[in-house]
Amino acid sequence: MDRWIGKVAVVTGASSGIGAEIAKDLAKAGMITIGLARRVERVEQLKKEVPAEVAARLHAMKCDVSVERDIETTFQLIRDTYGGVDVLVNNAGIVRPQNLIELGHTADLRAVLDTNVTGLVLCSQWAYQSMVQRKVDGHIVHINSIAGHSVPNFPKVSIYPASKHAVTAITETMRQELRAAGTKIKVTCVSPLIVSVLLIITMKRWIGKVAVVTGASSGIGATIAKDLAKAGMITIGLAPGVERVEHLKQKVPAKASSRLHAIKCDVTSESDIESTFQRIRDSYGGVDVLVNNAGILRSKHLIELGTAADLRAVLDTNVTGLVLCSQWAYQSMVQRKVDGHIVHINSIAGHSVPNFPKVSIYPASKHAVTAITETMRQELRAAGTKIKVTVAVVTGASSGIGAEIAKDLAKAGMITIGLARRVERVQQLKKEVPAEAAARLHAMKCDVSIESDIETTFQRIRDTYGGVDVLVNNAGIVRSSNLLDLGHSADLRAVLDTNVTGLVLCSQWAYQSMVQRKVDGHIVHINSVAGHMVPNFPKLSIYPGTKHAVTAITETMRHELRAAGTKIKVTSVSPGAVKTEILNAADMPLDMPMLESEDISQAVLYAIGTPPRVQVHEIIIKPVGEAF
């Protein structure tokens, strides 16, 4: 922190909780700290909780980050009073407890998106301008959430997980933009409860308990082993080179050293694992916490011959060994009736494949760990004909993917209503299908960024066609700009209103129609690969953030539909690059491999045609040769 002494930090949402704690700690560390909040008097109150010297560095300003004018005025005041911003901590965030699939809370949806997403971006834009103008290598920190990485199975989280998934994507978009701009400004996403809170706040119940850490001889495993021993746990570090684990004892206090033990174990050897866990049982009573950290990488091309031994070594260590250790730990916990914990040290390569040479089977092994984690979660929790559809609604049906889906659904025998602002283009589609299908294809004018349009349209569909059996949320836009550039808040809101809020509102109306008529229908969101990783293309702005939101919305809806006892399905279809108008607007390279709209339409037909027992949750479609 020494380099930040005397520098200026701005913390949004500083009136309570995490924001208040950050503001106090930054001031204690020597930074001039400005806490922004709507309840500014609560930030002023923080001064009484710190020494006088620190209180002199802690300042309060009233600012509602959901109001663009507030943000502009506040950052100008900071510039005029303190010179500018060196560190920005975007902490402000709200949640409104509602079911996402229910009608009647549009204002809450917009409030959450305006605070958690748009406000975060606008504050970052002003901070970035301040840093660039003063040639400061500053830092932007987004306080995210575990809900920005997976959707928790809690009731009434509504749009909150989607907003936090958007923050995850926004962080990566900003990182790419900052790099492309040639700056050394940093951006960091902090997701509370992933590591720090679990290890710091809840460690008391583990004092005196037994933890096993695989791959403990160096790196992450060594650090975890030392920290667990220091936290009071009897810690057994497993490694093929046991002497390096023994050496760790010299790097911790004597009391922690007495709790740190080493056992030689190669997790690629089943007999080693078996004998090791039996020894732990006999010597220490059993396992309460297992940290599967052991992992290896062999630098090869996956497509090349002659690497079978390397493939097996990576899979045996990263996958099979992890599972076998988990099995033995689980047996120990069950036999002793211990509510233990199994932790897998995974990787970002377990969620998206990095475009690096010679990673070989490593990303696949880490994707396997991601799936294994969810499989184990379901198993631990459990130790508890085609859909007959008549009416389909397709948003954004005037061109591209939406037009292709509308035509194919009509050809498949469904009464299909294509919604679009340019309704005449949907009418034109009738000339592109056989007469019989054309008779089933209908057009309605609807702008899904306008709530009243959505309400009127779905009421008209109810009165004319009886209701909705399948909804395909295809409408989506991109506005080409840098996310960190000022002056395009209208574009940010337009993209959010279309790609996120409009999608949710249409889903709400379709859900009501299905429930009222007791129809086991299907909601399909046309997502994007940008909903799972942020492609390194310039000027995508908030688009990947909105698509990450759709990924989270899909999972939130699945939880809600299940909790409501329905058999309504929800599916996300995520294409890579497709030859459409939206791709042209994104200014992407025209020589890269691309899908056709019909490829996506066929995926939708497959998903809605599956038997009632099948939930197709996600389909990712990439053209052969795609680089991301």
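Student: Is Arg 134 buried, partly exposed or exposed?
Tutor: Arg 134 is partly exposed, at 30% relative accessibility. Keep in mind that this is a predicted model.

Student: What does the side chain of Arg 134 meet in a salt bridge?
Tutor: The partner is Asp 86, with 3.3 Å from N to O. Arg 134 sits in the loop between H5 and strand E5 (139-143), and Asp 86 in the loop between helix H4 (68-82) and strand E4 (87-90), so the pair ties together parts that are 48 residues apart in sequence.

Student: And Asp 86, buried or exposed?
Tutor: Asp 86 counts as buried, because its relative accessibility is 4% and the cut-off for buried is under 20%.

Student: How many salt bridges turn up in the whole structure?
Tutor: The search finds 28. One of them joins Lys 24 and Glu 21, with the closest N and O atoms 3.7 Å apart. Both residues lie in helix H1 (residues 17-28), about one turn of the helix from each other.

Student: Which residues are in the salt-bridge network with Lys 24?
Tutor: Glu 21 and Glu 49 are linked with Lys 24 in that network. Lys 24 counts as buried at 9% relative accessibility, while Glu 21 is partly exposed at 41%.

Student: OK, switching topic. What are the domains?
Tutor: The assignment gives domain 1 (2-190), domain 2 (210-383) and domain 3 (391-621).

Student: How many residues of domain 1 are in contact with domain 3?
Tutor: 44 residues of domain 1 touch 42 residues of domain 3. About 3700 Å² is buried between these two domains, and carbon and sulfur atoms give 64% of that area. Leu 100, Ile 101 and Leu 103 supply 20% of what domain 1 buries against domain 3, more than any other three residues.

Student: What about charges there, how many salt bridges are between domain 1 and domain 3?
Tutor: There are 3 salt bridges between domain 1 and domain 3, plus 15 residue pairs in polar contact as a separate count.

Student: Which element gives the most to the domain 1 side?
Tutor: H5 does, with 14 residues. By class, the side of domain 1 that touches domain 3 has 22 nonpolar, 15 polar and 7 charged residues.

Student: Last one: where does Ala 368 lie?
Tutor: Ala 368 is in helix H13 (residues 362-382), and it is partly exposed, with a relative accessible area of 25%. Between Ala 368 and Leu 315 there are 9.5 Å in space, C-alpha to C-alpha, though they are 53 residues apart in sequence.

Definitions and conventions:
Residues are numbered from 1 along each chain as its sequence is written. This is a predicted model: local features need pLDDT of at least 70, side-chain atom pairs count only at pLDDT 80 or more; totals for chains, interfaces and linings use all residues. Side-chain values use heavy atoms; hydrogens and water are left out. Domain bounds come from an automatic or database domain assignment. Contact means heavy atoms within 4.5 Å. Buried area is the accessible area (1.4 Å probe) that two parts lose on being put together, summed over both. A salt bridge is a side-chain nitrogen of Lys or Arg within 4 Å of a carboxyl oxygen of Asp or Glu. A polar contact is a pair of N or O atoms within 3.5 Å; within protein, one must be able to donate a hydrogen and the other to accept it, and residues adjacent in sequence count only if both atoms are side-chain atoms. Helices (H or I, at least four residues) and strands (E, at least two) are DSSP runs, numbered from the N terminus. Ala, Val, Leu, Ile, Met, Phe, Trp, Tyr, Cys and Pro count as nonpolar, Asp, Glu, Lys and Arg as charged, and the others, Gly among them, as polar. Buried means under 20% relative accessible area, exposed over 50%, partly exposed in between (1.4 Å probe, protein chains only).
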